[in-house]
Amino acid sequence: MRKPKTKTGRKNGIISKIYIGLILAFLYAPIAVLIFYSFNEGKTTVWKGFSLKWYAELFRDDNIMNALANTLIIAVLASIFATILGTAAAIGISNFKGKKRIIIQNISNIPIISPDIVMGVSLMLLFTFLGVMFNFEMGFVTVLIAHVCFCVPFVVLSVMPRITRMDQSIYDAALDLGCNQWQAFYKVVIHELMPGIFSGLLMSFTYSLDDFIITYFTRGAKFQNLSIEIYSMTHRRISPKINALSALLFLAVLIIMIIINLRDRREEKLSAQKS
C-alpha cells in the first residue's frame, strides 16, 4: 500500500513544481516572445495584428534560402560522416582494456569540454597552413571537415554505453551459426548499437545545425551558412524574417529532441522488460 502524503510532502511537491516552472519560464520565455513576434504584421515590437507575412517573405529571400541550404547540406553530411567515424572509433576504443581504454576515451571527450573558439582557431590555423602548402581556399570542404571533427566525440559518447551493455557472446554465437565476420558484425553488432548510433546521428545533426563559432573561423571568404548570414544582419537592422526563421529552426530541433527522448524511453522499457 502507498503511504498517504504528509503535509510536508505536499508542500515540498508544490515548491518543486514552482521551482521547475520558474526555471522553464526563464529558459523559454525569450523564445516564446520571438515566436510570438514572428506572427506580427509590423516590423517593430509593437503588435499590429496576426500575419504570416514574414514566413512568406522568408521563403522569398534568396540569400537566406541559399544559406539555409548550405547549413542543411553541411549538417546532413557532417552527421553521416561523424556517425560512421564515431561508431568505428567507439568499437575500436571498446577493444582496449584497462588504463589504455580510459585514457583514449578521455582524450576523445576533450573536444566536447574544450571551448569552441579553441577548436575554431586551431582548425583555422591548420587549414591556412595546408592551404599554403596545397594551394586551396577555405570554404565548403573545410567547414564540413570542421563539423565532422566536433561531431565525432558526441557519437562516441552515444555509442559507448550501448557497447558496454551489449552481450559479447551474441557475436560469437552468430559466427558459430554460420555467419562470417562481416555478416555477424552487421546483423548483430550494428543491430545492437543502432539506438546509440541513431541518437549520435541526431545529436550530430543538431550540433552542426546550431554551430556558429567554428564555422566562422573555417568558412573562408565566400562560404555562407545560416548562422553567418544572421550574424551579418546584426550590423544593420535585423529583419523580422529572422524571427520566422528562428521559430522554424526551434521547432525542427524540438521535434528531433522529442524523437530522441521517445526512442530512449522505448529502449528503457524494452530493457526493463528483458530484465
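In this predicted model, the exposed residues Leu125, Val132 and Met133 are carried on the face of helix 5 that is turned away from its buried side. The buried residues of this helix are Met119, Gly120, Leu123, Phe127 and Gly131. They are placed on the same side of helix 5, because the arc they cover around the axis is only 95°. An α-helix has 3.6 residues a turn, so residues three or four places apart point the same way. The length of helix 5, which comprises residues 116-134, was also examined. At 1.5 Å a residue, its 19 residues should span 27 Å, and the C-alpha atoms at its ends are 26 Å apart, which agrees with that expectation.

Asn135 is placed in the loop between helix 5 and helix 6 (140-165). The phi angle of Asn135 is near 60°, a positive value in a residue other than glycine. Asn135 is exposed, its relative accessible area being 71%. Within helix 6 itself lies Pro153. In contrast to the exposed Asn135, Pro153 is buried, with a relative accessible area of 5%.

Two salt bridges were counted in the model. One of them is formed by Glu57 with Arg60, and the closest N and O atoms of this pair are 3.3 Å apart. Both residues belong to helix 2 (residues 53-60), where they are three residues apart, about one turn of the helix. Glu57 is partly exposed, with a relative accessible area of 30%.

Lys241 is buried, with a relative accessible area of 15%. Asp61 is likewise buried, with a relative accessible area of 15%. Each value falls under the 20% limit that defines a buried residue.

The largest pocket has a volume of about 540 Å³. It is lined by 16 residues, of which Leu209, Asp210, Leu249, Phe250 and Val253 are the closest to its centre. By residue type, the lining divides into 11 nonpolar, four polar and one charged. At least two lining residues are supplied by each of helix 1 (7-37), helix 8 (181-210), helix 10 (226-233) and helix 11 (241-274).

Leu177 occupies the loop between helix 7 (169-176) and helix 8, and at 75% relative accessibility it counts as exposed. Between Leu177 and Ala78 there are 99 residues in sequence and 37 Å in space, C-alpha to C-alpha. Pro153 and Leu77 are 76 residues apart in sequence, with a C-alpha to C-alpha separation of 16 Å. Ile80, found in helix 3, counts as partly exposed at 39% relative accessibility. The C-alpha atoms of Ile80 and Ser38 are separated by 32 Å, the two residues being 42 residues apart along the chain.

Conventions:
Residues are numbered from 1 along each chain as its sequence is written. This is a predicted model: local features need pLDDT of at least 70, side-chain atom pairs count only at pLDDT 80 or more; totals for chains, interfaces and linings use all residues. Side-chain values use heavy atoms; hydrogens and water are left out. On a 1 Å grid over the protein atoms alone, a cavity is a set of points where a 1.4 Å probe fits but cannot get out, and a pocket is an open set with protein on both sides within 12 Å along at least five of seven lines; lining residues have an atom within 4 Å of a point. Grid points are joined across faces, edges and corners, and a volume is the space filled by probe spheres set on the points. Helices (H or I, at least four residues) and strands (E, at least two) are DSSP runs, numbered from the N terminus. Ala, Val, Leu, Ile, Met, Phe, Trp, Tyr, Cys and Pro count as nonpolar, Asp, Glu, Lys and Arg as charged, and the others, Gly among them, as polar. A salt bridge is a side-chain nitrogen of Lys or Arg within 4 Å of a carboxyl oxygen of Asp or Glu. Buried means under 20% relative accessible area, exposed over 50%, partly exposed in between (1.4 Å probe, protein chains only). The expected span of a helix is 1.5 Å times one less than its number of residues. The arc is that of the directions from the helix axis to the C-beta atoms.
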